[in-house]
Amino acid sequence: EEPPHTGRLALYLLGLQASCPPISPHRSLVTWLKYYLEEEWTGEGQRGHPVTSYYQYGLGVLALCVHRKRVRDPVVQRLLMAQQHGKLGHGGNTVDTEAVLALAFTCLERRRLVGTELAAKLRLAAREASRNMAKAQGPDGIIGNIYSTPWALQVFLATGECQTEPAFGQAMAALLENLEAFGTAATMAQVLPVLHGHSYLDIASRHCGEEPDTLTPRDMEPLPEVPGNKTVQLVVECPLPWCYDLRLYDRLVPVPAAASLLDVLQAAAALDPREFRFQTQDTPQGPFLTQVLGLEARQEKRNYWQILSAPSTPLQMGIAEYRPPDGATVILRLSEW
């Protein structure tokens, strides 16, 4: 059975509100989002969890709040308990998930869509999340990874800590140095509000009557071609005892100099389809690696294909955006979260 489209619908409703629609065609969509939040939950009490992820579940609560719609207290409590009990993890990086929750908590508290007692708890949880954002900052200024950084910056902006938190300026500088990573509509939507000093919470208070019509399409210039070729070492790892061998594939793959990692995977499959094969799933953030050598990463199994630049640096971009340099070694590792 296909899981609920909670995250996709939440992002659509956020975008719809931000675009200042002349009419309100989204009432039924808000109802569907409320329905998804109820259908998402499996299990009971603190032992339960969303069918998709806490990230998508938090996006759903945030979108409803931006649309000034009340959320049942048990729905909010589920997120609060997950944060307090450390259930948000995915591959060692919880920044984006915790940031989404902090934005949802701040929105609910400020819009007075919850009772006084719960609002106080949400305020404390948002502050704790903000402190965790600062602790997660690396020496390069990036918080979590490059795609998590805009979410963390939105938290600092929404909570007003952008004026006092040193991590804000360092993360903004790192973001400006890595803007080429944001090449899809979904990632651009995360970074554009931050570059203008806003968070998603500001969508609810926009004065749409004063907005000029600036949505004029323009022709995009193609990326310049890079001459020559390069060679990338492609490695596939699967931990024991999941697989009969730790390293399942290890081969040099020749590709054009401008090739992305997705191009490298396609070239490896073209060299010998029996030796290497893979599958991807289209997402708003671009293609997502779901299967390699017949081994499928599944949400219900809590595993995923982690992509590393050897020896152990996690990939900061999607497979369609990352362009490995000549001689690089890229590791595809089936991992748990």
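**A disulfide, a helix pair and a run of strands**

A disulfide, meaning a pair of cysteine sulfur atoms within 2.5 Å, joins Cys-65 to Cys-107, with an S to S distance of 2.0 Å. The structure is a predicted model, in which local features need pLDDT of at least 70 and side-chain atom pairs count only at pLDDT 80 or more, while totals for chains, interfaces and linings use all residues. Residues are numbered from 1 along each chain as its sequence is written, and side-chain values use heavy atoms, with hydrogens and water left out.

The structure holds one disulfide, and such a link is a covalent bond between the sulfur atoms of two cysteines. Because the torsion about the S-S bond of Cys-65 and Cys-107 is about -100 degrees, this disulfide is left-handed. Cys-65 belongs to helix α3 (residues 54-66) and Cys-107 to helix α5 (residues 95-110), so the pair ties together parts that are 42 residues apart in sequence; helices here are DSSP runs of H or I with at least four residues, strands are runs of E with at least two, and both are numbered from the N terminus. Both Cys-65 and Cys-107 are buried, a term for under 20% relative accessible area, with exposed meaning over 50% and partly exposed in between (1.4 Å probe, protein chains only). Cys-162 is also buried, at a relative accessible area of 19%.

On the α7 side, the contact (heavy atoms within 4.5 Å) is made by Pro-150, Trp-151, Leu-153, Gln-154 and Leu-157, and on the α9 side by Gln-190, Val-191 and Val-194.

The last region to follow is built from strands, which pair if DSSP finds at least two bridges between them. Strand β5 (residues 278-283) and β6 run antiparallel and are joined by six bridges, and within this pairing Gln-279 has Gln-291 of β6 as its bridge partner. β6 also pairs with strand β7 (residues 295-296), in the antiparallel sense and over two bridges, where Glu-296 of β7 is the bridge partner of Gln-291. In the hairpin of β6 and β7, which has two residues between the strands, Leu-293 takes a positive phi near 55 degrees. Five of the seven residues of strand β6 (residues 286-292) are buried, so this strand is largely enclosed by the rest of the structure.
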